[in-house]
Amino acid sequence: MSDDPEIEALVADRYLDALLAAVDRHADDSPSHAGVDPEIREAARVLRASLVRVHPSFRFEERLAGRLADLAGAQARPALAAGGGGGAVVPFPGASPAVFDADPLVAAILAGDLDPSDAEAMDRATRQPVPRRPLIVGGAITSAAISLVGVAYVAWRASRPAGHGTGQSNRAMARAARAARARRAAAGVSALLVATASTAAAAVGTAGPGGPA
Amino acid sequence: MAGPVLGQRARTTGASVVVLDRDRSLVEAARRDPAQFDALYRKYLAQVYSFALYELGDHHAAEDATERTFLRALAALPRFREQARPEDGPDASTFRVWLFRIARNTVANERRSRRRRPATSLEAALGAGLAVADPGDVEADAVTRDEATQALRAMRALPDDRRRALTLRFVEEMSTAEIAGVLGRSEGAVRVLIHRALGAVARELGTERETRGPGERR
């Protein structure tokens, strides 16, 4: 790149500084425009008048303020995650589920696993499927168990020749369904949430095992 | 963004200066009590929303992007590092630059996920906001609605970085240094981006005038 475009750009930049400052102080004098192409000046004049700042609706503003307050409340709470590596039952943290529905990446940001100002990291994160909420609630335990049984059934069927062992598969499905139902009845934890230690830490804004402080 | 941490004395050519960030007190209050983030939210809501609206051209998409930007900013606030350089001046806000970097990433992801330009035009989305004739206009003649529509159309046709630079310069009234921080470019590169973008808009406006003829312009 030659010096000329940079010098022209610098002169135009000074002109824009003066133009925008004049608007701010409601000055009635035009800024000095020595050396600035008249067409550039005209484009700047049109853009300065056309590109207005827009305020969102009051309803949106207050709804988002409420969600931010929810998230702020969750951040202010002490760590709720229980110890242990596999999984833990924890009370529901302060943040409303709407916060995590609005942005599934918030949990990872809270945990310090993701920097939202890093373009590359955000690009990678948004290209990967993100778990909606790191929580499993009450009856979802059963549906998850049935889903796992379904996967196991498909794998089992794929390993068998066609027309072989159908009765056996029905018995396996029945056993799995009974086991899921029994687990659901025994648990009785519809008000509790199950999460792994690391995802629970993410939800309340503390670092998981091995994570940053 | 390289530079001394705010509040510390930064040595520059033998002299020492104290670099301040105009949002420092608000940021510190929000760090102590996350509920105090509300003040920063109210202060920058219209700016972030406007940026998203000019980028996405749709009110609903702009609201979604604005919501995500502020939720992410609050979630990441404990790790935000206040930094400024002496040349940024006393009015610099590295918090605003940081917030707009988050907004830029959020908007970029939103644009990619939609995989196409918005069905509604930016001109339609802005509606009555077009062709605002400021009584205290520094130029003699006001901008006509046609000129404003033409300028917005020209902006929409610009490459992403040029369009964003123009939006940050004219809508958010950011300095070149701030825009450089948001876009992750050098100040020289930003100046050239803006100059070329203005040239493209000027050509579009000139072409339109030639089509309509000199008598039709106010």
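The model is a predicted one, in which local features need pLDDT of at least 70 and side-chain atom pairs count only at pLDDT 80 or more, while totals for chains, interfaces and linings use all residues. Residues are numbered from 1 along each chain as its sequence is written, and chains are lettered from A and ligands numbered from 1 in the order in which they are written.

Chain A holds 9 helices and 3 strands, where helices (H or I, at least four residues) and strands (E, at least two) are DSSP runs numbered from the N terminus. Read from the N terminus, the order of these elements is α-α-α-β-α-α-α-β-α-α-β-α. Of the 213 residues in chain A, 27% are buried, a residue being buried if 20 or more other C-beta atoms lie within 10 Å of its own, exposed if 12 or fewer, and partly exposed in between, with C-beta atoms placed from the backbone. Two residues are in contact if their C-beta atoms, placed from the backbone, lie within 7 Å, and among contacts in chain A between residues at least 6 apart in sequence, 64% join residues at least 24 apart.

Between the chains, the contact draws on 57 residues from chain A and 60 residues from chain B. On the side of chain A that touches chain B, the elements giving two or more residues are α1 (3-24), α2 (38-50), α3 (58-76), α4 (97-102), α5 (106-110) and α6 (119-127). That side has 36 nonpolar, 8 polar and 13 charged residues, with Ala, Val, Leu, Ile, Met, Phe, Trp, Tyr, Cys and Pro counted as nonpolar, Asp, Glu, Lys and Arg as charged, and the others, Gly among them, as polar.

Within this contact, the axes of α3(A) and helix α3 (residues 59-76) of chain B come within 10 Å and cross at roughly 25°, which makes α3(A) roughly parallel to α3(B). Axes here are lines fitted to C-alpha atoms, for helices over the stretch in contact, and angles run from 0 to 180 degrees between N-to-C directions; angles under 35 degrees count as roughly parallel, over 145 as roughly antiparallel, 65 to 115 as roughly perpendicular and the rest as oblique. From α3(A), A:F60, A:L64, A:R67, A:L68, A:L71 and A:A72 meet B:E63, B:E67, B:F70, B:L71, B:L74 and B:A75 in α3(B). The residues of this contact divide into 9 nonpolar, no polar and 3 charged.

Leaving aside neighbours within four places in sequence, B:A52 is in contact with B:A62, B:A65, B:T66, B:A103 and B:V107.

Further along chain B, helix α7 (residues 160-170) has 8 of its 11 residues buried, so it is largely enclosed by the rest of the structure. Likewise, 7 of the 8 residues of α8(B) are buried, so α8(B) is largely enclosed by the rest of the structure. Just after α8(B), B:G184 takes a positive phi of about 70°. B:R185 lies in the loop between α8 (176-183) and α9 (187-212) of chain B, and with 17 C-beta neighbours inside 10 Å it counts as partly exposed. Apart from its neighbours within four places in sequence, B:R185 is in contact with B:A180 and B:V190.
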